[in-house]
Amino acid sequence: MDSPELARVAEASAAAGAAVAADRFRTELDVQYKDGKTDVVTQADRDAQAAVVDRIREATPNATVCGEEGDSYGHLSEEGIVWVIDPIDGTNNYVRGNRRWATSVACLRDGEAVAAANFCPAVGDRYVGTAAGVDRNGDRVTVSDRTDPERCTVAPTIWWDFDRREEFAAATSGIVHRFGDLRRIGCAQAALSMVATGALDGVITNRVAEPWDSVAGAAMVEWAGGTVTDIDGNAWQPEARGLVASNGRIHEDVLAAAREIDAAAEPGN
């Protein structure tokens, strides 16, 4: 399959999962906790992932699937087709009735992202991309052209748990002292998609982002003309420490804000 065909599979599978999640949204949910007080999961997550996987298997039966929910799925590989799935990115938003959540599907071929789809049905946005460009609801989009940090809006992403709140505070401080405004989206894939469309100018974290939280959105930022690096300014990879995404024009400023998080994490601070 070529990239446009894989993009159609990504779009169809994301639509299938998003439909399941949207049907359960703002209904009574049995919320379970995984690794902490803010790490939640519901049956809607599992059922939405099953719907995504069913569509993927129809089109690419031999591909590897790397999904957030379910221990039976595979891991990232640098060979062949790998699908990376987050059935509900932003589950904390989802369970509280907040509309900012996404069903995310990305396709990697031999380790390189070639197609991605992030569906945010509660706000009516569908992002689909390949290296040829990114569309939101069928219209071509690009990153913002802002160059003045004081006119820019940047979001911290990837949750810092209670034992890392100094880093969370440093992330917000690094943003508010450099940029015009801060947004806390609560859904990494939505935040990255917003950078790809120019609705945000940057996203920062010093943490290693799980592939299902990052691959689709990071790829779309680059395909829309932006820049994505690790915290050291190197080309971003799914296993990289830190994820710094921007419109490219303010990337050094966004990197500087991200590096302040690390400074807060150093011993003695």
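Guide: Welcome! Asp110 is found in the loop between E5 and E6, where strands (E, at least two residues) and helices (H or I, at least four) are DSSP runs numbered from the N terminus. This is a predicted model, in which local features need pLDDT of at least 70 and side-chain atom pairs count only at pLDDT 80 or more, while totals for chains, interfaces and linings use all residues. Residues are numbered from 1 along each chain as its sequence is written, and side-chain values use heavy atoms, with hydrogens and water left out.

Visitor: Why is Asp110 called exposed?

Guide: Buried means under 20% relative accessible area, exposed over 50%, and partly exposed in between (1.4 Å probe, protein chains only). Asp110 has 52% relative accessibility, so it counts as exposed.

Visitor: What makes the phi of Asp110 worth a look?

Guide: Most residues other than glycine have a negative phi. Asp110 is not a glycine, yet its phi is positive, at about 55°. Asn137 also has a positive phi, near 55°, and lies in the loop between E8 and strand E9 (139–141).

Visitor: Why is Asn137 called partly exposed?

Guide: Its relative accessible area is 41%, so Asn137 falls into the partly exposed class.

Visitor: And what makes Thr130 buried?

Guide: Thr130, in strand E7, has 14% relative accessibility and therefore counts as buried. Leaving aside neighbours within four places in sequence, Thr130 is in contact (heavy atoms within 4.5 Å) with Ser3, Ala7, Val114, Ala115 and Trp223.

Visitor: Which domains does the chain have?

Guide: The assignment gives domain 1 (3–141) and domain 2 (149–265); such bounds come from an automatic or database assignment. Their contact takes 34 residues from domain 1 and 24 residues from domain 2.

Visitor: How do you know how much area is buried between them?

Guide: Buried area is the accessible area (1.4 Å probe) that two parts lose on being put together, summed over both. For domain 1 and domain 2 the value is about 2200 Å², with carbon and sulfur atoms giving 69%.

Visitor: How many salt bridges and polar contacts join the two domains?

Guide: A salt bridge needs a side-chain nitrogen of Lys or Arg within 4 Å of a carboxyl oxygen of Asp or Glu, and the count between the domains is zero. A polar contact is a pair of N or O atoms within 3.5 Å; within protein, one must be able to donate a hydrogen and the other to accept it, and residues adjacent in sequence count only if both atoms are side-chain atoms. That rule finds six residue pairs across the interface, both residues at pLDDT 80 or more.
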